[in-house]
Amino acid sequence: MDTQEIIKRCQRGEKDAFKELLSTIEKDALATAYLISGTRGIAEDILQETYIKCFKDINKLKNPEAFKVWFFKILVRTGWAMTKKHSYLIPMDISNHDELLLNSLPPLQEDALDTYETKYIVQKAVNNLSINLKTIVILYYFNDMSIEEIAKVVGCLKATVKSRLFYARSLLKKELSDDFYLEYDFEKISERKCSENG
């Protein structure tokens, strides 16, 4: 069913509709919360708080087409707040690495990221970025959002998003060995996305 129709049903107060709506974004939302926080437990708390806020405020959403940006704006801000609150607990949750981590990295041509080790190293490098840079990288590469959508989610200018993306890529290039950086070529993904988006 069309997401916009589900949102309209939510706004009419249909209880099952909200469950349907969450099922359309659940996987991406959990992966994003996990990547922002670095731990599964905090990610689940972020998600729960985000769902509660969305449920309470769904009638404030004027344009159902803007749901994805609206939802991730709430999720990211909730994630920032909870991660800051729990920052003393944030070492990477190595014991909890599961399919969520392995499947959260975006697919590439061929089988460039077919090993757990490679995915772990790339994810760890992303996790070492500051929260602002990490969020931009997560939204751009892991959620396939446009620069314009990201600007709306994080509340800044498109030029700021581009600048942070460029700086994040330069830090990742320093953090990752040449082999890993070339295997998971952030610049090529960006070029491809820019050409697809015009």
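Buried means under 20% relative accessible area, exposed means over 50%, and partly exposed covers what lies in between (1.4 Å probe, protein chains only). This is a predicted model, in which local features need pLDDT of at least 70 and side-chain atom pairs count only at pLDDT 80 or more, while totals for chains, interfaces and linings use all residues. Residues are numbered from 1 along each chain as its sequence is written, and side-chain values use heavy atoms, leaving out hydrogens and water.

**View 1. R9 meets E20 in a salt bridge.** A salt bridge here is a side-chain nitrogen of Lys or Arg within 4 Å of a carboxyl oxygen of Asp or Glu. The closest N and O atoms of this pair are 2.9 Å apart. R9 is buried, at 12% relative accessible area, whereas E20 is partly exposed at 29%. R9 belongs to helix α1 (residues 3-11) and E20 to helix α2, so the bridge ties together parts 11 residues apart in sequence. Helices are DSSP runs (H or I, at least four residues), numbered from the N terminus.

**View 2. E14 pairs with R12.** Here the closest N and O atoms are 3.5 Å apart. E14 is partly exposed at 34% relative accessibility, and R12 is exposed at 53%. Stepping back, E5, R9, R12, E14 and E20 are linked in a network of salt bridges.

**View 3. A salt bridge joins E44 and R40.** Their N to O distance is 3.1 Å. Both residues sit in helix α3 (residues 40-57), four residues apart, about one turn of the helix. E44 is partly exposed at 40% relative accessibility, as is R40 at 21%.

Key
Helices (H or I, at least four residues) and strands (E, at least two) are DSSP runs, numbered from the N terminus.
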